[in-house]
Amino acid sequence: MLISGKDLLQRAHEGGYAVGAFNTNNLEFTKAIIEAAEEMNAPVLVQTSMGAIEYAGHDEMGEMVRLIGEKAKVPVALHLDHGTDLGVVMRCLRKGWTSVMYDGSKLDYDENVRIAKFVVDAAHPMGVGVEAELGKIGGVEEHVNVDEKEATFTDPDEAYDFVTKTGVDSLAVAIGTAHGVYKGEPKLDFERLRIIKEKLNMPIVLHGASGVPDEAIAEAVRLGVNKINIDTELRLAFKAGISKFMAENPEAYDPRKILGAGIKAIKEVVKNKIRIFGSEGKA
Ligand code: G3H
Ligand code: ZN
């Protein structure tokens, strides 16, 4: 069933686990994510970046995920990832997304507060949850590109002020993760996370989680992260699954078989993440 991202994350906050937020671009990624969640009896967020919406079409993307989500045996939220463009955020509200991220992390603080509050005022009467970001997460994610030197960690006092003024439902924090493929092993600032959770007492979001070791993810969940974003690892799995299939079946030309190998590979990653996040059986 399709449910509000707000309810889904509030339950995770109260239950002390994290829900996976997996990026989709097309039918294959959507099927893989939702089938994996069903097999794990886990709630899940299917998230679309602005780039994915441009690629598939806004109506097409919304209708596809909503339809598959509604038929699912587990709670599914349709989430806009990194909505840096207010127009896209508002169109998502109109087209039935059940959760949106307004990403004003590149704006100055007061402007980020002002627009995030505007989004909250529009989204809440529709029952839609709003995520915002404070601090700057490094790396490249579709429309968001933050140089390593530009990345800044979330300040706990500023975070408290931000959520009080805006009324957002969840907050993405910068504590040492980055978007894309890591060069070395990421070092997370767990103490900062602990303080933020204690001060805010609300759902916390971790971006750039692909490539972060399982133990570090488990510790972040223990300290209060409730939504974990995974994109890059799904892309890599999709590519590896298809490459392997083509190497073993060079004559294959049925797209369902070729893409089916990609779906299978994505499902394995999603199921493994759900296990680590602690949301298995929480549907
Ligand atoms: O917003 C999406 C994510 O933060 C995904 O990051 O590509 O490093 O998994 P990732
Ligand atoms: Zn992100």
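The following exercises, with worked solutions, concern a predicted model of a protein with a zinc ion.

**Exercise 1.** Determine which residues are the protein donors of the zinc ion (ligand 2), and how they are spaced along the chain.

*Solution.*
Step 1. Donors are N, O and S atoms within 2.8 Å of the metal.
Step 2. The protein donors are H82 through NE2, H179 through NE2 and H207 through ND1, lying 2.0 to 2.1 Å from the zinc ion.
Step 3. Along the chain, these donors follow the spacing H-x96-H-x27-H.
Step 4. H179 belongs to strand β9 (residues 178-179), whereas H207 lies in the loop between β10 (204-206) and α9 (214-222). The two residues are 28 residues apart, and the pair links distant parts of the chain.

**Exercise 2.** State whether H179 and H207 are buried or exposed.

*Solution.*
Step 1. A residue counts as buried if its relative accessible area is under 20%.
Step 2. H179 is buried, and H207 is buried as well.

**Exercise 3.** Describe the order in which the eight strands close into a barrel, and how β8 and β10 pair.

*Solution.*
Step 1. The order is β1-β2-β3-β4-β5-β8-β10-β11, with parallel pairing. From one strand to the next, the twist averages 25°.
Step 2. Strands of a sheet pair through backbone hydrogen bonds.
Step 3. Strand β8 (residues 170-173) pairs with β10 in the parallel sense over three bridges. V173 stands opposite L206 in β10.

**Exercise 4.** Identify which strands helices α8 and α9 lie across.

*Solution.*
Step 1. Helix α8 (residues 190-200) lies across β8, β10 and β11 (225-230), and runs at about 150° to β10.
Step 2. Helix α9 lies across β10 and β11, running at about 145° to β11.

Key. Residues are numbered from 1 along each chain as its sequence is written. Chains are lettered from A and ligands numbered from 1 in the order in which they are written. This is a predicted model: local features need pLDDT of at least 70, side-chain atom pairs count only at pLDDT 80 or more; totals for chains, interfaces and linings use all residues. Side-chain values use heavy atoms; hydrogens and water are left out. Donors are N, O and S atoms within 2.8 Å of the metal (3.2 Å for Na, K and Ca); water is not among the atoms, so sites may look incomplete. Helices (H or I, at least four residues) and strands (E, at least two) are DSSP runs, numbered from the N terminus. Buried means under 20% relative accessible area, exposed over 50%, partly exposed in between (1.4 Å probe, protein chains only). Two strands pair if DSSP finds at least two bridges between them. Axes are lines fitted to C-alpha atoms, for helices over the stretch in contact, and angles run from 0 to 180 degrees between N-to-C directions. Contact means heavy atoms within 4.5 Å.
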